[in-house]
Amino acid sequence: MLKLPIFEFDKRSVGDLLSRVSGDSSRMRMALIQGTIALTSGSFIIVGAAIGLALKDILLFLTALVTVVVSFIGILFMSNIIQRASFRVQKELGKLSELVERDLHAIRTIRSTNATSNEEKEAKQQAENLRKLGIRLAKIQSFMTPISNMSLQICGLIVLGFGGYRVSMGYMTIEDLIAFALLLYIMIGPVGQIFGTFSGIGESLGAFARIREVLDLALESDYDTTTRITTLPHSSAQKGMVVFENVSFGYNKLKFGADIAQKEAEMILKEVSLHAEHGKRTAIVGPSGAGKSTILQLIERFYDPDSGRIYVDGKDHRSYPREELRSLITYVEQNAPVIPGTLRENLMIGNANVSDQECYDVLKEVNLSYLIDRSPEKLDMEIGESGTTLSGGERQRLALARSLLSKAKIVLLDELTSNLDSLNEIAIKKAVDKLRESKTVIIVAHRLSTIVDSDIIYVLEHGRIVGSGNHNELLDKVPLYRELAKEQFLDKAI
């Protein structure tokens with residue numbers, strides 16, 4: 001799962017994926033245990049009894065074998081029904097897990113909007129659907145044991161009847177028939193135990209089908225190219241430089257032969273070209289939904305463009321192994337995610353070799369040193385599930401601190417100051433300015449106060465670049481930028 005392409009997570013719920021990891025794998029584990037016990041405990045008895053039966057009367061033994069095989073085919077048919085029913089149960093369990101996971105993550109929103117009753121009703125309805133499917137599965141399984149036992153008993157009666165006939169015809173003695181019957185019933189016990197495990201095996205195959213759905217998905221690395229692609233001319237290939245060359249991209253991939261107008265409407269980015277030079281700060285601004293964050297995700301190669309090229313260090317970024325490409329980049333996301341655990345663990349994601357002193361220094365740089373001062377655990381202080389003990393602004397600054405610790409030479413910042421007050425915004429701007437000379441900084445922002453002093457600003461509207469230049473140049477020649485600046489009281493030259 002950790003190696004799947006990002007777009008797979010766009011269309012799958014976390015709760016359902018967790019259900020496959022925990023619930024489905026647990027069912028497989030139990031079936032494997034039961035099957036292994038049944039096979040190991042009964043196989044020696046079955047083999048020994050079968051040899052004894054064959055020595056007593058080969059024809060009667062073949063009769064017993066055929067009847068057992070016929071019973072086995074019937075059990076396999078029942079097992080297949082159980083497998084399909086189990087798949088539906090596990091699928092509904094995944095939906096319930098998805099719903100519960102969503103509610104627990106959004107518990108504050110649910111409580112504050114008085115949506116608890118509605119969410120409870122929805123969860124109960126899903127649980128009821130699951131209960132009905134579970135009862136249906138239990139009914140099918142309840143037939144499995146008596147059918148398997150009855151089929152084996154019928155096998156025994158058929159063999160005894162045929163054996164009686166052979167005794168009456170003088171082909172075998174009554175003593176041999178009695179010995180044969182005793183050996184047969186010694187064998188039927190463990191065979192019945194093995195038949196009984198097929199109920200659990202059928203259920204586990206339903207669980208495995210859901211696991212296999214994920215295992216059969218192509219990994220992110222499967223989309224890598226094995227050939228070297230074009231490079232920029234040497235004169236343009238600066239260290240750390242990022243170049244977009246007529247890049248178009250849409251999240252919804254249309255089928256071949258789709259209408260051109262429809263394809264154009266589905267595109268998030270349309271023939272975007274830009275240059276982010278090393279040692280300079282490049283800003284991308286525009287209204288919400290213009291495609292600003294998408295540009296950063298394309299640089300990270302979470303997605304590949306539909307057309308055009310992206311160059312990093314002068315090479316098409318698809319020619320890099322993904323891990324090598326991402327080692328060049330540090331990315332601070334818009335929602336500034338943190339992991340459950342300690343302050344130290346969050347700072348050391350991707351920065352395994354940093355010292356405690358480096359952590360203290362970078363926390364001071366982003367104005368978070370007070371977190372250390374107020375906790376006796378220092379760097380080992382717990383920050384809660386998804387950083388619930390931190391404010392939105394603190395999570396953003398912690399994400400920036402993690403980025404500052406990185407040795408990557410390209411820094412991507414997405415709406416870095418969206419949750420910050422003016423004082424913390426100034427501190428963050430100073431920290432970002434320090435990166436300017438040694439790294440390539442690309443910052444996406446809605447608040448122009450964050451980027452007015454950038455070396456170059458690109459204005460994005462409806463997926464297209466409508467202007468580029470510094471703040472003063474854009475005020476003069478780009479109406480959209482002038483309007484954004486006016487709304488934010490930044491319409492005067494600086």
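The lining of the largest cavity comprises four nonpolar, two polar and two charged residues, where Ala, Val, Leu, Ile, Met, Phe, Trp, Tyr, Cys and Pro count as nonpolar, Asp, Glu, Lys and Arg as charged, and the others, Gly among them, as polar. These lining residues are Arg281, Leu416, Thr417, Ile428, Lys429, Val432, Ile443 and Thr450. Helix α14 (residues 422-436) supplies the largest share, three residues. The space in this cavity is about 30 Å³, and the count of cavities of 30 Å³ or more is one. A cavity here is a set of points on a 1 Å grid over the protein atoms alone where a 1.4 Å probe fits but cannot get out, and lining residues have an atom within 4 Å of a point.

The model is predicted: local features need pLDDT of at least 70 and side-chain atom pairs count only at pLDDT 80 or more, while totals for chains, interfaces and linings use all residues. Residues are numbered from 1 along each chain as its sequence is written, and side-chain values use heavy atoms, with hydrogens and water left out.

Side chains of opposite charge can pair when their charged atoms come close. The structure holds 17 salt bridges, each a side-chain nitrogen of Lys or Arg within 4 Å of a carboxyl oxygen of Asp or Glu. One of them joins arginine 210 and aspartate 24 at 2.8 Å, N to O. Because arginine 210 lies in helix α6 (residues 174-215) and aspartate 24 in helix α2 (residues 14-56), the pair ties together parts that are 186 residues apart in sequence. Arginine 210 is buried at 1% relative accessible area, and aspartate 24 is buried at 0%; buried means under 20%, exposed over 50%, and partly exposed in between (1.4 Å probe, protein chains only).

Another salt bridge links glutamate 300 and arginine 326 at 3.9 Å, N to O. Glutamate 300 lies in the loop between α8 (292-299) and β4 (307-312) and arginine 326 in helix α9 (residues 322-327), so this pair connects parts 26 residues apart in sequence. Helices (H or I, at least four residues) and strands (E, at least two) are DSSP runs, numbered from the N terminus. Glutamate 300 is buried, at 6%, whereas arginine 326 is partly exposed, at 22%. Both belong to a network of salt bridges that includes Glu220 and Arg322.

Now to helix α3 (residues 58-105), which contains leucine 59. Leucine 59 is partly exposed, at 40% relative accessibility. Arginine 84 is also found in helix α3.

Definitions and conventions
1 Å grid on protein atoms, 1.4 Å probe; cavity = no way out; pocket = protein on both sides within 12 Å on 5 of 7 lines; lining within 4 Å. Points joined across faces, edges and corners; volume = space filled by probe spheres on them.
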